Structures are given as C-alpha cells and as structure tokens.
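Hi there,

Here is the structure I promised to pass on. Have a look at it first, and then read on for what turned up.

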Amino acid sequence: MENLEGLKLMAEQWSNQGIEYLQKIPPFQLYAAIGLLLLTTVLLLSFRLVRRTKSNTVLLSGLSGSGKTVLFYQLRDGSSHQGSVTSMEPNEGTFVFHSEHAKKGKIKHVHLVDVPGHSRLRPKLEEFLPQAAAIVFVVDALEFLPNCRAASEYLYDILTNANVVKKKIPVLLCCNKTDKLTAHTKEFIKKQMEKEIEKLRASRSAVSTADIANDYTIGIQGEVFSFSHCCNRVTVAEASGLIGETVQVQDFIREYI
Amino acid sequence: MLEQLLIFTRGGLILWTCKEIGNALKGSPIDTLIRSCLLEERSGEVSFNYGAYTLKWTFHNDLGLVFVAVYQKILQLLYVDDLLSIVKQSFSEMYDPKRMRYDDFDETFRQLRVEAEARAEEMKRTKQVAKPLNGVKKQGQVSKEETKKSNGEKKDDGDKVSVLSNGNHKMEDDVANGKENSADNNNNSVGVDVSKLAKLRSKGVRGRGGLRKADSLGSNKGSSKVVEPPKKATKKNRVWDDAAAAPKQEEEKLDFTDENGDNGHVDVVAAADQGESMMDKEEVFSSDSESEDDEPRSDEKPEAKKKGWFSSVFQSITGKANLERTDLEPALKALKERLMTKNVAEEIAEKLCESVEASLEGKKLASFTRISSTVQGAMEEALIRILTPRRSIDIMRDVHAAKEQRRPYVVVFVGVNGVGKSTNLAKVAYWLQQHKVSVMMAACDTFRSGAVEQLRTHARRLQIPIFEKGYEKDPAVVAKEAIQEATRNGSDVVLVDTAGRMQDNEPLMRALSKLINLNKPDLVLFVGEALVGNDAVDQLSKFNQKLSDLSTSGNTRLIDGILLTKFDTIDDKVGAALSMVYISGAPVMFVGCGQSYTDLKKLNVKAIVKTLLK
C-alpha cells in the first residue's frame, strides 16, 4: 500500500515537472515548431500536385512538305504570311490561337512545336516527345499516294515510341491541303494508312518477341490493324493551312489542353 | 540579272522576297538547296547549281536567318556576294522576331542593288583600263580581288581617276578574260567535286557521258577479245593489259571443281544455327556521364597566351561575344585534327569544318559556355545529321513489297578487292533466313579462283539454293538467269556476288555497270571496309561516277547503301563510316563486325558520333 502511494506520488511529481518544463518554453518557440511542421507538409503536398499538372506541349509532326510550318503560322497568326520553305529547325511558340483572341476569359496557352519533317532531322522529334501532351501528324492529302509508305513508316515509329505508348498520348491524323480539288478524303487516307501499317507490323515483328527496331508493337495479334486498336486515341481530321481552315485541329488541341 | 533574292528563317518562314523581279522560278530551287546542300552539311561551299540557276547564300547565325540569291547560271554576276553581305547587314538592323512583313525593305534593297551593280561595273571598268597600263600581273591581282567577298576597295578610286582620263581599249577581250578568271576561281579546286554528285542523281546520260560511251564501246570490242578467253579446253591466262602472256604450256586445267560434289568429306552442317544474328540484338552500350573534362581541353592549346586565356574565360562567363572566324579557327582546327586521327578522310574533315564554321559565324555565345564546347556541340549535331539516313533502311519492308509484286528482291554486292563481299553476303543471307525469308545466292564472281566454291560452301551450310554457272562466264548473263530462276522457284531475295574490282579499272567498271543496267537490281550495296582511309572517298566517288556515266536507261542507278565491314578490327578509328556516307549520301545499312554468321549489326549513330568526338 505504501509502495503504491509512493509510486503515485512519484508519478504526480514527474507529471508536474513535465508540465512545468513545458510551461517554461516560451510560447512562440512552440508555435514556430508547430508552424514549421505544418509548412513542410503543405509544401510536400503541393509538390506532388505540381508534378501532376499536365504539360501544354503539342507537337506538329509529319513528312517534309506536308504543310506543318504553314499550319503553325495559321494557328498563331491567322495567316501563312509569304509562304514557307523546308524547315531546318523547329518552330516553337506559346500562345493562344489567333481565332481565340476575341474570346474573353482565361484561356490556357498552348506550347506548339513544329518539328521539321526532313528525315535527317528525325532525331529532333525524340527530343520533344517526352514533354508532349498531344501530337498532330500532318499528311499531305494532295500528294498522298507517292508518300504513303514514308508517311506510314513515320506514323508507325511515332505510335510505337515508348513515350507515346506509356503516356497514351493522343494523336490526330490531320489531312492537310484539302482545299484542292484532287485532295483525297480523310476516310481514304485513314484506310490506306491502316493498310500500310498492317504491312509494317507484319514485316517488323516477324521474328522475335523483342522487336528491335521499335520499342513496342501495336495492334492485336491476328487481326488487321485499325487505329482503334491503339491504346492511345487516334482520330482523323481535315484541314487546309493555306486558306486557314484549321477549326478541327484547334478543337482537337483544346480537348486536351 | 538576279532572278530572285529570298530571306527566310531557319524555321522555314519566308520573310521577304524581292518584288521587283517577280519571276516565278522553275522547279523548286530553294527547297532543293536546303535538302541537298545545307542539310547535307555542305554549307561551306561557294555556290550551288540547280537546273539553269546558280544559288548563293549566306547565314546570319545569331538571328537564325538565311539569305539566298538565285541567278542564271550562264551569267557570271560578280556582285552577288557583295550584295548578299550588304543585304545581310542592313536587314539585320531592321529585323524584329515579331514582325512578319518587311515591305519597307523593298526600297532599301533597290538602292543596295543599284549600288552593288554600280560598284561591280566600276571594278570591271578599272580592271579593263588597268590592263593595258599595268600589265598582266595587275589584272590577275584585280580579278582575284573581285572574286573575293570584298566591299569596294578604297584604292581603286585612286586608280580610276588617273586611268579614266586615258580612255579604255580592248574592252571585249578584258571582259572575256574577267569572266574566265572568275569562272576558274568559282570552281572548287578540291579534287572531288562533291556537288556534282547531286547532278548525277537527277539526270540521265549526259553529253559528256555519251561521248565517253562512244569511246568505251569502241575500246570494249578491243578489250573483250582479251577479257573473254577462247573457249578451248585449256584455260588461258586472263590479261588485262598488253603485258606478255604467260607461256601456254604451263597452263593446265585450273578449275578443279568436280561435277558431282566435292572431294573429301561432305560435312552437311545442318542449317548452321548459331543463334540470333546481332542485327536483332539490342545494342548495349555504356552510357557514361557526359562530363566535360577540363584536362583534355587544356592539352589542345598549350601555348595559349595568358592574356588570351583570361579574356576567353571572362567572355565565357558573360557570354556576350559574337563568334568570329578568328575565334572559331583554333577550335575548328583542333577538331579537324581529332577527326583525322579517327581515320576520317582529310577532304571530308575539311568540308565539315567549313560547314560548321558557316553555321556558327556571328552567333552569340551562350553564357557559361566556352567556344570549344559550342563548336563541339555544333559538330556533334552536324555529324548526327549526316549519319542519319535520308531514306528508310528497312529492308524487310522492301522485301515484303517486292513479294507482293511477285518478283524477287535483288541485291548486288559491289566493292574493291578483298573487302569481304562474299563473307558478308553469307551473313546477310543468314539474317534474312532467320526472318523467314527465302534467299537465293547468285555466284556472279566468275573470275576469282574459288569464289564459286566459297559461295557453294556457304549455301550448303545455310541450306539455301545457289545459282552458279562456273567460271569464265559473263556475270551479267549469269545474274539475269539467276533472277529468272528465282522467279520460277519463288525465292524472295536474290543476293548477287560480284568480283572485286579497283575503281580505276575501266573494263571492269564497264562490266559492272552492264550487270546493273541489264538486271535493274533493287539495291546496289557498296561493300567497304572500315580500315580504308582517304581512299574511301576516291572509291565511292569513282564507282558512282562510272555507274552514272555508263548507264543506258533514263534513271541512273547509283549506290543505294553501304555495308561497312571489318568493324571489329578498328577500335575507335571509325571515321571511314563518316567519309563514305558524306561522299555518297547513301546510308550505312549493315555493319560487319566479325567473321561468323551472326556478326552483322546496324549502325548506331549516337555511338559513332560519340567515338568520333571523344
């Protein structure tokens, strides 16, 4: 009995001592410590949020001569100025579309990158792919058939790129130069591209499971390739850079930015 | 008269064209200039010819602008260089990245053009008048000054005043002389005129080629008698020139091939399955961190003056200096030396350095970068651009396309002696077989002893059919029959082996172009060894030249691809790949890196560039 009381007395003494000690610390130190803790947790959470915000980069890619630079300037300035020649370097810009200048309210800026289409400058595309949120693949609807194979190889390389597959970057197959009479329709172009990619699929993944030329394979085994088989969304649209008919492209970009 | 003068950005937007001379240009000279010259790292050249036009250009690297002047080739306009540099200066003063239209430049341009023309007229006139007074030596001096990129020389004014008072004689002669001189100076004095290769591709038989053909046809008959031995029982010694033939008594039957199989044991090695060809393996290359060591840099310039070093360090920190030619020269010279130690041909290294210099001159240094690192970066980009193939090198796709058209895909292996054509042909056959493509070999090397047996052995080991007709047959005819046979039995690919030949050997090159013209192969693969040095340039350019000169039909077949062999024997002296690709424009499709069937791989562009610049 005495032991218990002795222990109780000691416990009381200790608790009193603890409370006294706590009260001895000046109050603002305590508040400062608590404040720091709160601040660091808030910062950590906000960092996580920041990393999740999507990039606003859209790539304009396609073969040389398909009309990417003209399209770039149409989207930016509403006119193609005095024409263009083969690009040697990418054109970049962060802006709101020319047609959206009149709109009120906060419109998010688009970081548009026009990557040169010449085959020697192909490595430039790889530089921009990691930050892309959407890709517009421009195809010349007028001179489609002679370039069909090269265009489909380029598109195949993009669709099987590791970045594109992992992040499921959406791709728009834009048929340019549709203001001309003899331009092909987008349905025709879509079918042709699917056929060519099917052939490419057969020839490139002929042997090993590890496809050495491309990072991934696309499509479903045993079925004819179709764009709906891709894990990322592939849509088709028509446009004309020369006369400024770019509304479908803008809608596509605004869907994702 | 100037046809057109264009100003455009490196990104491709045209900023200004001259509206006074609004002639539409025939074809698309600007696009062709960009594709075949500027993007091929030939921007160090003086001019570019396209059709009836000559194009000259200059860069403003700081603002990223390109100035191009187009004029008729037959007119030797002397004021173009002068005009381009003045236009560059005045336009860069009024350039604003936000502005897209520069209509007010029309007026300025008209004045500048009038001034430049006037200056050129004066110079011509002083040159004409100076000739009778000062003799030939002065004229040579003056014409040299004319063709250099120089603004009006002050001392000409002094001459003009004193000379004009005497009147001028013999104007026509002097004008002709002046034009001749400038024409000579304009031509590249380099042995290999690289720009001519662009012409070779686009045009068919040239008049020059036609003439040569007439000669060659005549001499062909003469030499064919010597080349094709009489169909006797004994084999005559093959003589290529007028050397005395070896005594006939010693000639016995040299062809020991038994009609019914080989002597000795027949080891039927069942389809030599040695595993995956290295073409299909992932290239595992060590990615060491790109650390820019300071030690190797300091070795380059041991005699750098203290003051020079300090100012360059200062400039590298502030980063405001505009790069001048004098700044770039030491760095470029060191880079050229380094490339040459890596076995790049000397002319190619020179041209590359000129091209990089043209693209860097006038550019602002970014802060915290040295000149040497800027130059290195530019050179690296240029090398990657050259080595990246211009067209797709996907052979499997081409094979499948040919299969759909129900015809075999024909590949012809050409090259000089001893580079490894037969060995690498077997490697390619092995790789194709692994990809379930049916291959057939054609033994069109009917000259070298043992060539047919060699291919027969490979064919037996790989278990693929071989088409052979023995020795002393016309290779072109053998190839034709082989292709017919392949069409009959449904082979997908025909690999044609040819005899090695030196690029200077006229009759052999004629035989080769006959083979190519007759059979129209899908792929002409030039086999070159990585050990070759400066000779690579000569080999490739002569092969291309002969193929284009001696082609009969409209579309000339040139070398479509390069197979680089003996890559395992060179440790890091990989420059031959660069020389070959630069001079021919053909991509490297395969790399042979050993002597067994699996030693065939693709060219890894980044690894090569890294090795070249290490």
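Leaving aside its neighbours within four places in sequence, which residues is B:Met580 in contact with? Please keep in mind throughout that this is a predicted model. The contacts of B:Met580 are B:Phe526, B:Gly528, B:Glu529, B:Val532, B:Ala536, B:Leu540, B:Ile562, B:Leu564 and B:Gly585.

**The nonpolar cores**

B:Met580 is also one of the residues with the most contacts inside the largest nonpolar core, which has 112 residues.

**Domains of chain B**

The domain assignment gives chain B a domain 1 (2-130) as well, besides domain 2 (308-387) and domain 3 (395-603). If you compare the C-alpha centres of domain 1 and domain 3 of chain B, you will find them 44 Å apart.

**The sheet in chain A**

Over in chain A, you can pick out an open sheet of six strands with mixed pairing, in the order β2-β3-β1-β4-β5-β6. Its edge strands are β2 (91-95) and β6 (234-238) of chain A, each of which pairs on one side only. From one strand to the next, the twist averages 20°. Strands β4 (residues 132-140) and β5 (residues 171-176) of chain A run parallel and are joined by six bridges. To find this pairing on screen, look for A:Val136, whose bridge partner in β5(A) is A:Leu172. Helix α3 of chain A (residues 68-77) packs on the sheet, where it touches β1 (57-62), β2, β3 (110-114), β4 and β5 of chain A. The direction of helix α3 makes about 20° with that of β2(A).

**Salt bridges**

Side chains of opposite charge can pair when their charged atoms come close. Over all chains, the count comes to 30 salt bridges. One of them joins the side chains of B:Arg397 and A:Glu196, at 2.7 Å from N to O. This pair crosses between chains, with B:Arg397 in helix α13 (residues 395-404) of chain B and A:Glu196 in helix α7 (residues 186-204) of chain A. Are these two residues buried or exposed? B:Arg397 is buried, with a relative accessible area of 2%, and A:Glu196 counts as buried too, at 11% relative accessibility.

Another salt bridge forms between A:Lys199 and B:Glu404, with the closest N and O atoms 3.6 Å apart. This pair also crosses between chains, from helix α7 of chain A to helix α13 of chain B. Here A:Lys199 counts as partly exposed, at 27% relative accessibility, and so does B:Glu404, at 47%. A network of salt bridges links A:Glu196, A:Lys199, B:Arg397 and B:Glu404.

Within chain B, B:Arg488 forms a salt bridge with B:Glu485, the closest N and O atoms being 3.0 Å apart. Why are B:Arg488 and B:Glu485 separated by about one helical turn? Because they are three residues apart in helix α16 (residues 475-489) of chain B. B:Arg488 is exposed, with a relative accessible area of 63%, whereas B:Glu485 is partly exposed, at 26%.

Best wishes

Definitions and conventions
Residues are numbered from 1 along each chain as its sequence is written. Chains are lettered from A and ligands numbered from 1 in the order in which they are written. This is a predicted model: local features need pLDDT of at least 70, side-chain atom pairs count only at pLDDT 80 or more; totals for chains, interfaces and linings use all residues. Side-chain values use heavy atoms; hydrogens and water are left out. A nonpolar core is a set of buried Ala, Val, Leu, Ile, Met, Phe, Trp, Tyr and Cys residues joined through side-chain atoms within 4.5 Å. Buried means under 20% relative accessible area, exposed over 50%, partly exposed in between (1.4 Å probe, protein chains only). Contact means heavy atoms within 4.5 Å. Two strands pair if DSSP finds at least two bridges between them. Helices (H or I, at least four residues) and strands (E, at least two) are DSSP runs, numbered from the N terminus. Axes are lines fitted to C-alpha atoms, for helices over the stretch in contact, and angles run from 0 to 180 degrees between N-to-C directions. Domain bounds come from an automatic or database domain assignment. A salt bridge is a side-chain nitrogen of Lys or Arg within 4 Å of a carboxyl oxygen of Asp or Glu.
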